[in-house]
Structures are given as C-alpha cells and as structure tokens.
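Student: Could you take me through one part of this structure slowly? I'd like a close look at how two of the chains meet.

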Amino acid sequence: MTTDLTNLTVAGIRDGFRKGDFSAREVADAFNAAVAAGKPLNAFLVETPEHAIAAAEEADRGRASGELRPLSGVPMGIKDLFCTAGYQTTAASHILEGFVPTYESTITAKLFGAGVGMLGKLNLDQFAMGSSNETSAFGNVISPWRRSDGGNAPLAPGGSSGGSSSAVAARMAPAATGTDTGGSIRQPAAFTGISGIKPTYGRCSRWGVVAFASSLDQAGPMARDVRDCAILLETMSGFDPKDSTSLDLPVPQWEAGLSGDLRGKKVGIPKEYRVDGMPAEIEALWQQGIAWAKDAGAEIVEVSLPHTQYALPTYYIIAPAEASSNLARYDGVRYGQRDLPDGANLQDMYAATRAAGFGGEVKRRILIGTYVLSAGFYDAYYTKAQKVRALIARDFERAFEQCDVLLTPTAPSAAFALGEKSADPLAMYLNDVFTVPASLAGLPAMSVPAGLDKQGLPLGLQIIGKPLDEQGVLNAGLAIEERAGFTARADKWW
Amino acid sequence: MGFVAALRLMPAAMPAIRAGMSVDATTVRKIASLARIAVSDAEVDAMVPELNNILGWIEQLGEVDTDGVAPLAAVIPNHLRLRDDVVTDGNIRDQVLKNAPQAEHGFFAVPKVIE
Amino acid sequence: MDWYLKVCEMTESSYRIQGATGEWEVVIGLEVHAQVTSNAKLFSGASTKFGAEPNANVSLVDAAMPGMLPVPNRECIRQAVRTGMAIDAQINKWSRFDRKNYFYADLPQGYQISQLYHPLVGEGTISIEPEDGETKIVGIERIHVEQDAGKLMHDQHPTRSYVDLNRSGVALMEIVSRPDMRSPAEAGAYLRKLRAILRYVGSCDGNMEEGSMRADVNVSVRKPGDPFGTRTETKNVNSVRFVMAAIEHEANRQVDVLESGGTIVQETRLFDPDKGVTRSMRSKEDAHDYRYFPDPDLLPLELDDAFLAECRASLPELPDAKRARYEGPLGLSTYAAGVLTADVETARWFEALMAATGKDDAATAKAASNWLISDLFGALNRLGKDITNSPVSPAQGAQLLGLVADSTLSGSLAKQVFEIMLETGDDPAKIVEERGLKQTTDTGAIDAVIADVLAANADKVAEYRGGKDKLFGFFVGQTMKAMAGKGNPGVVNERLKAALDG
Ligand SMILES: [Mg+2]
Ligand SMILES: [Zn+2]
C-alpha cells in the first residue's frame, strides 16, 4: 500500500474499501497512528483506538460476508459533547470529569449503526462556549496551520468544535462530528480549511448531546469536502421521538442529489454583511465567491437582512439564558465532580462544586443568562431578544423570496493566535458575527474552504439556505468547492 | 476596531436602559448566588466591568422597534408531539446511580438538609 | 371515610376572628397539586407506581443526565384538559411549558418544567356548600401541568440526606383558586368538592396519604371591608383537616402579629401537624426569583378540535349534575342525594345497584338509597371497609331489595339476611331458601297461629274486648314470636284485628 490512507476522504474510504483497495483495519490503524502522533495538537481528550479497530474488523468481516453498512470502514472523531456509552464525556469541563455515560447519543448511535468506528473524543470549548477552543478545561487545541511568516505562533482552530476541525485538517480523522450553536461548526471549519454543515434546526437529534442552548444547538458533520458532508449528514439526520424539537420528515438523499450546476438558481448577497472596515482579504474572497457562483450559472441578487447588526446581541441574551438553565443540572449530586468543603451544606456544596467545575467563560455566560432572566429584567432582555429574533427570522424569509441561497464570508478574519482575543470576551464574540444570524433563524448553513489569506491561512465562504434546503446549500457549496480548487493543507510540524 | 465599530459594538445611545441596568458588585454577588457559583471578592471586582461591558453592548436591542412583534416560539415551524401513556423506561437504578459521587442504599447522598 | 369532616358551623358572613382591636376577616386561596392519573411520567417513560424501591421508577430523563430531553405524555395533557372542562374552565388551545429555575436536591434538572405564562387551563369555577343548602362559587384562576419533584429523606443517616427520584417527573396539575374563601370550613368544603370532581373525572385518585393531592394554603387577614392584607403561603399541607387547622392557626397568628404592631412578611411557611402550628421555612431571600422562561426543549402545545372533542365526550356525569338528577327525576332527599354523590365510588355503586334492580322509580330509588346509606354504610363502617371492597355486590343488594319489595322478606328479616350475606358472601335468595327465612303471608297459616295465641290467652282476649286496646301489641308480639319472626307484619296485623274484633 503506497498511498497514505489518512489522505482519503470519507467517500474515498467507503468506496475504496468496498472495491477492496484496502481493508478497514488498515484504515483504522492508519488513523489511530495519526491520532497518536497528533498529540501536540491536543485535539483528542480521549483516544479510543479499540473502538475504531472493533468497527473496522466488523467491517472487514462484513465485506467478506457481503453485509456492508453505509459507512463500513469509515472511522471518525466524535466531539466530546456527544454522550458515548462507556466512554468518558466531559464537554471539556472539569465539572463532568470522570462522567461515563451509560447511554449513546442518537447521533453517535446512528453513526456507529452505519458502521463508523470512533477514533476518540474530541476537545472543544468548554460546554461549546467559545470560538477558539481556549475555554477547554483540558488545554486548548492547536490548529495544524501556521502563518507563513515563520513566527510559528500557535493558532486557534476555531471553536467550539476546534478539536474536530483540527483533527480533520491534520488528517487525524477523515471526518468528525461537530455541534453548532452560533457558528461552532462553520467558524472552525473556515479557520482550518475544511467543510462543515449545520443542518436545519431539528434535522439532527439533540438527544444525548450535552446541551448548551437548546433552541440553537444543532449537530452536523465536519469533513474535508462537500460530498463527505452530504454523506455524513444523511446518516446523522432523521426523526427522533426522544427529541421534542426533532423534525418528523424523511431524510433526502443529499449525496445523490449533489450538483455544482447552479443554473436557474439565485444567489443572494446580503448587503448588511458588507460592513465598513471588513478586512480587504475577506471582501476580496467574497467577491471571488460571487464570481464562482456566476460561473456556475447562478444569478446574483442583492438582498437585505436589515436586523443583521442585532443578531449578536440577541444571541448573547438567548444563548446564555438557555445555558444558565441547561447547566443547572451540574451540581455534584448525580454525576461529575463534587466539591464539598468542610461543614458545607447542600447549597454551599452546589456553589463550591460549580465554582470549581466551571471555567471562566462558562461562568460568565451563566451569570449573564441568570441576570437577563432575573426578576424585573426578563421582558427587557429575554422577551425583547425573542422578538428581535423573530424579526431576524422574518428578514431571512423575505430574502428567500428573492433568492435560493445566501453567500457570505464565514468569519470576519482568518485564524487568530491563541491568546490574542481571550482577554476580551466581546472581541471573541464578534467572531461569530456572520454565523449567528442563521443559527437564530434555525437555517441550514455551511462553510467551505475558499482560499488563503496573505499569511497562508484558510478562509471560508458560508452558504445559508432556506429551511430544509440542505441540498441547495450543499450544491452551492459544491459549486464553490469545484471552482476554488482548495488543496492547501497544513504542513506537518507535529 | 474599524470593523468592530461598524457592527455597533458599543451603541451610542441607550441612556434610559443603560443607566438603569448596569450591575454593581452587590448585583454580581446576588446573581452568582442565584446561579450557585461561589465567587471571591477579586472575581467579583473583575466581573463587574466585564458584565457591564457585555450588558451595555446587548442593550442596543432597545433601539429595535418590536411593537406588535410576537416573541419567536418555534424557530422552524413544528408542533409539539405527544407520546402515548406507556411505561417504556425505568428500572435502571444501576445506570441512574452509576456516576454518582456518593450513592448509598440505592439513594443519591447529599449533605444533610435541614428544612 | 377519614376524608369526611364535620363542617364547622361558621360561614362566610359569620366567620370572624375576634381580636383585641375588633373583628378580622380571613382571606384564603388554595393552590392544589393533584397527581395526574397516568401510567408513565409527564416527560419520561418511567412508571408512576407508588411504593417502588428507591430510584427504581427513574429514567435517565428523570435523573437529568446530560443530553436528556423531555417528551410530553398525551394522557397527562388530556386529563388536565378534562379536569378543566369539568369545572367549566377556558381551555387554552395554545399553551406552553416554562422552566422554573431553582436549586434543590430533589430537583435534578435545576428547574421544574411548569407553565407560568400560558397555562393549559384558564378561568373556571367550583361551587361548594360549606353549610347545608348554602351554595358558594369559588373562582379557579388556572390549572397548569408541571413536574413533581423527587423526595429527600433526612432520617436515615446522621450527616446526609438521601435523594429518591421516583416521584421526580410525575405529572401534577396545579389548580389555583382565587382568594375567594373566607373560613376554614369553606376551604374544607372546597377541597372535598375539588377532590370529588377529580375522582369523578378520573384525572387524580385524590389519595392524600400517598401524596396524590396536597395544598399550598395562602392566608391573609383584614378588617372587613379593607383591601387584602399581605399573605403567607403554607406549603404542602396534605389533608383537609390539616388545611383547616393551618388556616385557623395562621390567621390567628397574623392577627396577633398585626395587633401587637407587627407586619406580616410575605413568606413560605410549613405546617406542623403534631403541634398544629405553622412556622417559617428557612428560605433564602432569592428563593422567589425563579427566572421563568419558555422551555426551549419543548415547542408550544397546540391542541386540535378533535382532541378537545374527545376530552369532552369522555367526561362522565359530574357531581353537581348527578346530584340534581337524584333530587329531581329520582326524587331522593337533598341529604341522600348529597351523600350518594359525594364520592364517585359511592355514586357508581348506587347506580350499579339501581341498574341491578331493573327499576328507576322513586320508590325503588328511595329504598335503595336508604338501604345503602344506613345498612350498607353501617356495615362497612363496622368492618372497616369502604365501598370499593364491599363484601356485598350491587347485584346482591338489588336482590335483597327485591325480596323486600315482593314481600318475601320483612324489614327485620331483611336485616337478618343481610348479616348472613356479609358473613358468607351468599346471595340473599339462597340464604332465604336454605334457612327458610321467607316471610309468611299465607292467611290460613297465620290464622291458625292466631287461633292458638288467642286460645292460650283467653283472659287477655277478654280484657281487650273489654276495652283495653293497648293489648293489641301484645297479641302481635305473641303471634310473631310463634311464627319465628316470619309472619308478614301487615297480614298479621290485619288478621289479628279481624280475629279479635270479629
Ligand atoms: Mg405554590
Ligand atoms: Zn406547582
């Protein structure tokens, strides 16, 4: 075997394995070795080579006996927000240290049921709160990318799915699960030169996924290209009676429906995303994306999303409010860490446990959420935010009367250096300025790698679609991907 | 910061709401207590400006005209499904207690509560 | 029947607390938590069965494991809607669940899923009769559906409390009254009536010992005509008697505080049934900032017309309607109608009894009602049983009534037969047959006995005929005795009179 199997995509592994080019065990071994060698990136919190090997051996047996499953032979990394039976699940927080679920999240159950083997549990921003992976209690993930200036500053892999983005970009996994609450799949994908899609809210079950903000959280795949995203999203999606917000709809055959031909499609350019002072490289990339869309046959229309500027503040009311309540269950009684100072009563125990267990950003958001819901402030903050959210959703509805998909930059900058923004929470929050609006409206959206900045770092373009139109999003993504010809990859320094 | 300013990081005018809603150390302590997070004096001192910064920023929503707008209830049109009244779960005490920091005689144990 | 309580004689207009500064009026509102009758919990598939091993009826959802999500149980919603319909309340086709956030060891999620802003059931009314014949309407503000909490045990370990989540997530209806009650008696009557309605509807078994029904008691006092005073809330009082006692104590305490120059603090209190007093709970000052907001794990609850139509169609005849029918068409007394309809099981038994008689006339109803209220209830009381485990079935009761109606049995024979029925469980016809307890109406046989009695008491016959009328009773007694009680009293009377006067 001369080719490095870790260079294969999900589709490449799936198809090559079926053809008999290699065994699933060879694939698992190659990626397990890459995971072991990738420790300096700190992408994995738990490595599970045995899980990947067991799935691979089953796939090999299945191939021999003619019982193949859709993803037989494909290993993946799993964001440590997904509860995995028998494997520690921490949400990258001390408060859940040692927690070993007895149950399998719906998404991982679907993936494993389709033949996927797990390479390990991936690091993330603590409770998915962050855009750089620096809020993990177990050390930040380091991006495999380095600036071309030779400074070797460790860069952020984006967040919160930074372990996922780093692992895929570094070829430690062909794909990974991510979750996206305000951009946590798309922004890290953009930072690391990979693809990632957040489907329509309700497509992917939230059952068994550690909750951050329930009305926003959506799982999705992160992979090297659009086809892989389509393949994985098909497996991950579907109605789950255990999630009341799950959509009871059939899952389309997105992979089969892939087409980069955008003739007859209208691509909307929201003018409010073109803000004064946007880095020239981002603006240039956006223009390039518009040109590619035209080249693919699309008509370009300018649309207006007038409440765009209010999306971030709206998000930073709703998400912390929901989080302050969702995270109340971490109290040291039923699982995870307990801090019981001498002579402490029950309430003291809660306060000590939560003070010791939660990281700074998590506490900050819990406090903001607690404040905006507290007596006398609920209407001024939370109700107001839900009204503005309705306006933001209506903006999209109106824009989609004029176009099929929207094209925007994914993030306002390329990856920044670790530590560069961690001192200023607001500066960090602004990273999600382009991704948050679609999250608030529950829309499908994806990031595809589209180019490099002048320091040689990846930049992504975002496609936002109508509710349930993942196909439209994937196809526009494919059109960009085909034209961008993004082949850059991080030099292996680890 | 040019980019940031364009996004109205700090809104120019929200005097009515801003003045009334800034938090002080007492408020931060009260919120932390409501949230059951122990905080030291130093932490409180650090949090006051930080939270005011964030709250001041989110209060720009006050300038959006939302008269007659219903708060968003379901992000994607969907209705609440109801399940049948059938016992399908339970009798998994081992699983329920498995991760407990302290479990005794089939119960979770906590410091004694005086009611 | 320990539920039943003597209604105190005070009524709205007259119940006053006599303070040093004059009369005080008591204002009472009740929030009743009633466990919805269902197999599974409100948001999980775990069982609601009472008395299971600790933490056995617990799912991962009830234990609030990370990533667990609530899915509502249709039956719990249905029962709350039916309850709302039974009190003529507004049913909200659009409602939603909110989270009530607070930290306690019996609340694994750190919040209770409840309904604050948009409850399932809006305003309704319940009519009560604190005194015979006097009706009062108590307003219902709302009924909402919510999760019950788990249970803390404090006495099993010196330094630890133990947490049992079996009740965690069981569906409750919170039925909130308006502050319309003015005396402990009214509160008692309200609770009994509410319990009756819930049991008729079948939405709650009303079992207070098992915690299926408990009340938060809001009490304030004021000088008649003044605005409402500050109220206190005494939590989780679990019997009608205790509710009445708690009100009595709390109202008097408030009067004492106010008359000694103090003020009432709006606070949560506990009732100590042993001492009969309420006391302040050691609650934190932030206990009341629950930070309610719509549960983002759940969508709004929207009910369609078909669902509502089924709820309405499945409602049984309710106590007020049944009582009116018993008093009207069936011709029973107010008292009998009240007793027979006070609890659904009694009414059910009575109707089964009537059905088994095959008749629906006033005479049959009266006989059946008399027998049930005096004979059957008397027997059940003696035996320490209630009507649901009566040793005598409605069919057997109807048979017994039939034997009286067709003169097979006299009243006293019927009582004898009933006692044997209670002991043996046998049908009355069989008992009458085997033991020859049949009443004799045969005039020939009766005349023969009378002849013997008159012959044996010739002196008394002479006295009677000489004008001593009072002796008639003596001859009746002698005749009945000679017939071992089986003579038909009417026939015996008639034939004796004829023999003596003839
Ligand atoms: Mg209450
Ligand atoms: Zn309640």
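Tutor: The contact takes 55 residues from chain B and 78 residues from chain A, where contact means heavy atoms within 4.5 Å. Before we go on, a word on what you're looking at: this is a predicted model, in which local features need pLDDT of at least 70 and side-chain atom pairs count only at pLDDT 80 or more, while totals for chains, interfaces and linings use all residues. Residues are numbered from 1 along each chain as its sequence is written, chains are lettered from A and ligands numbered from 1 in the order in which they are written, and side-chain values use heavy atoms, with hydrogens and water left out.

Now for the area. The size of an interface is often given as the accessible area lost when the parts come together. Chain B and chain A bury about 5,600 Å² (that's the accessible area, with a 1.4 Å probe, that two parts lose on being put together, summed over both). Carbon and sulfur atoms give 73% of that area.

What about charges? Between chain B and chain A the count is one salt bridge, meaning a side-chain nitrogen of Lys or Arg within 4 Å of a carboxyl oxygen of Asp or Glu. A:Arg364 and B:Glu50 form a salt bridge, with their closest N and O atoms 2.6 Å apart.

Helices (H or I, at least four residues) and strands (E, at least two) are DSSP runs, numbered from the N terminus. The biggest giver is α4(B), with nine residues. By class, this side of chain B has 36 nonpolar, 10 polar and nine charged residues; here Ala, Val, Leu, Ile, Met, Phe, Trp, Tyr, Cys and Pro count as nonpolar, Asp, Glu, Lys and Arg as charged, and the others, Gly among them, as polar.

Strand β2 of chain B turns up elsewhere too: its residues 107–111 pair with β9(C) in the antiparallel sense over four bridges (two strands pair if DSSP finds at least two bridges between them). In that pairing, B:Val110 has C:Ser161 as its bridge partner.
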